[in-house]
Amino acid sequence: MQDYAFYRYSGCYLYNGIRILVGHEQSSFMLDFSGAGCRFYESLETGHSWIDVFNIFFDYGGSFTRIDLALDVFNDNSFTIATMYKKACKGHTKGRFRTFDYYVKRNFEDGRILGETLYFGSAASLIRFRFYNKLDERVSKNIEVLENIDSWIRFEMCLRKEHVNFFVYLLLMDKRDIVDLYFGIVRRYLLFLVPNSDSNKWRWKICPWWEKFLNSAQEVRLVKKVDEPTVFSKQRWLSDSVSRTFAFMYLLEEEHGFPNPLNSKNLMAFEKLFENHEKEYEIYNQYRISLGFEEISKSQFLRFVGNRIFEIKSERKKIINQSE
């Protein structure tokens with residue numbers, strides 16, 4: 001038991017880098033894993049992966065305030081922290097950040113660089129990138145490093161609040177691969193570019209060394225909030241509220257030929273969707289974004305619906321002609 005607490009909790013237990021905050025006015029508790037706490041948990045061999053842990057938290061209605069994802073790149077001499085910093089200073093970048101910072105730690109006696117860190121985004125941002133020279137940090141602290149490691153850059157991504165909850169949502173509900181998510185988010189938020197004569201740098205090509213680093217991942221957009229209704233809430237509503245009626249109507253159709261309106265050939269349903277499409281158009285795009293696809297225009301969405309209406313009418317017309 002510690003003699004401190006924070007975040008409006010009254011008590012704090014600490015063990016090997018894992019803190020449990022208790023005594024909140026809303027009867028909640030908070031788990032806080034430091035980097036050392038994560039390594040300690042992994043050493044316990046519980047049989048539960050981090051995905052399992054996230055699922056357990058999710059099942060109990062928990063929310064996430066912050067997750068840091070770290071990626072280590074060894075012996076890749078195609079670029080350095082300094083390379084990225086120089087590109088950023090020249091404006092040879094594009095993405096979703098407004099600011100960046102660069103810090104260098106030097107030896108007082110001879111000026112040798114002991115560490116360098118490049119930040120994109122502020123400490124209060126919902127997303128922040130932190131890139132630093134891990135090899136220099138280890139050497140400066142006299143920590144032994146394997147002989148075959150010539151360079152070591154650590155790429156850290158800090159996700160907070162709405163962004164981290166949407167990240168976990170994609171990871172658990174959408175079954176997205178964590179590596180693809182990581183690189184997809186980086187592609188969305190930060191690109192280093194090769195300048196040319198085009199005045200619009202959004203048309204410049206991505207630096208080959210950064211494209212290689214991104215590992216061909218598709219862009220992933222993190223939304224601040226998943227508003228109801230969503231594709232999944234509509235799916236749940238159909239399953240909870242309509243499934244019994246659908247089964248009943250299916251039996252009537254199969255046994256007595258009674259027309260079932262709950263099918264993909266319901267002309268009235270698609271015509272209603274075409275006439276009053278605003279909400280469904282937004283939900284459709286939200287789902288596309290969660291999968292890493294670009295938004296579609298309203299005219300494209302209406303064209304999809306209109307094509308389905310045309311197909312249903314054509315099928316009906318063909319049936320009528322055949323019966324005559």
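The model is predicted: local features need pLDDT of at least 70, side-chain atom pairs count only at pLDDT 80 or more, and totals for chains, interfaces and linings use all residues. Residues are numbered from 1 along each chain as its sequence is written, and side-chain values use heavy atoms, with hydrogens and water left out.

**Largest pocket**

- The largest pocket holds about 1800 Å³ of space.
- A pocket here is an open set of points on a 1 Å grid over the protein atoms alone, where a 1.4 Å probe fits, with protein on both sides within 12 Å along at least five of seven lines.
- Its volume is the space filled by probe spheres set on the points, which are joined across faces, edges and corners.
- The lining counts 42 residues, and L31, F33, F64, R66 and I67 lie nearest the centre. Lining residues have an atom within 4 Å of a point.
- Strand 4 (66–74) gives the largest share of the lining, six residues. Helices (H or I, at least four residues) and strands (E, at least two) are DSSP runs, numbered from the N terminus.
- By class, the lining has 22 nonpolar, nine polar and eleven charged residues. Ala, Val, Leu, Ile, Met, Phe, Trp, Tyr, Cys and Pro count as nonpolar, Asp, Glu, Lys and Arg as charged, and the others, Gly among them, as polar.

**Surface patch**

- M1, Y13, I20, F29 and L31 make a nonpolar surface patch of about 510 Å².
- Patch residues have over 30% relative accessible area and no salt bridge; nonpolar side chains (Val, Leu, Ile, Met, Phe, Trp, Tyr) are joined within 5 Å, like charges within 9 Å. Areas come from the Shrake-Rupley method with a 1.4 Å probe, and for residues only the protein chains shown count as cover.
- F29 sits in the loop between strand 2 (18–22) and strand 3 (30–33).
- F29 is exposed, at 56% relative accessible area. Exposed means over 50%, buried under 20%, and partly exposed in between (1.4 Å probe, protein chains only).

**Salt bridges**

- There are 16 salt bridges in the structure. Each is a side-chain nitrogen of Lys or Arg within 4 Å of a carboxyl oxygen of Asp or Glu.
- K134 pairs with E137, the closest N and O atoms being 2.8 Å apart. Both lie in helix 4 (residues 134–140), about one turn apart. K134 is buried at 8% relative accessibility, whereas E137 is partly exposed at 21%.
- E295 forms a salt bridge with R221. The pair ties together parts that are 74 residues apart in sequence, because E295 lies in the loop between helix 10 (278–290) and helix 11 (298–323) and R221 in the loop between helix 7 and helix 8.
- Shared partners join R66, D68, R130 and E156 into one salt-bridge network.
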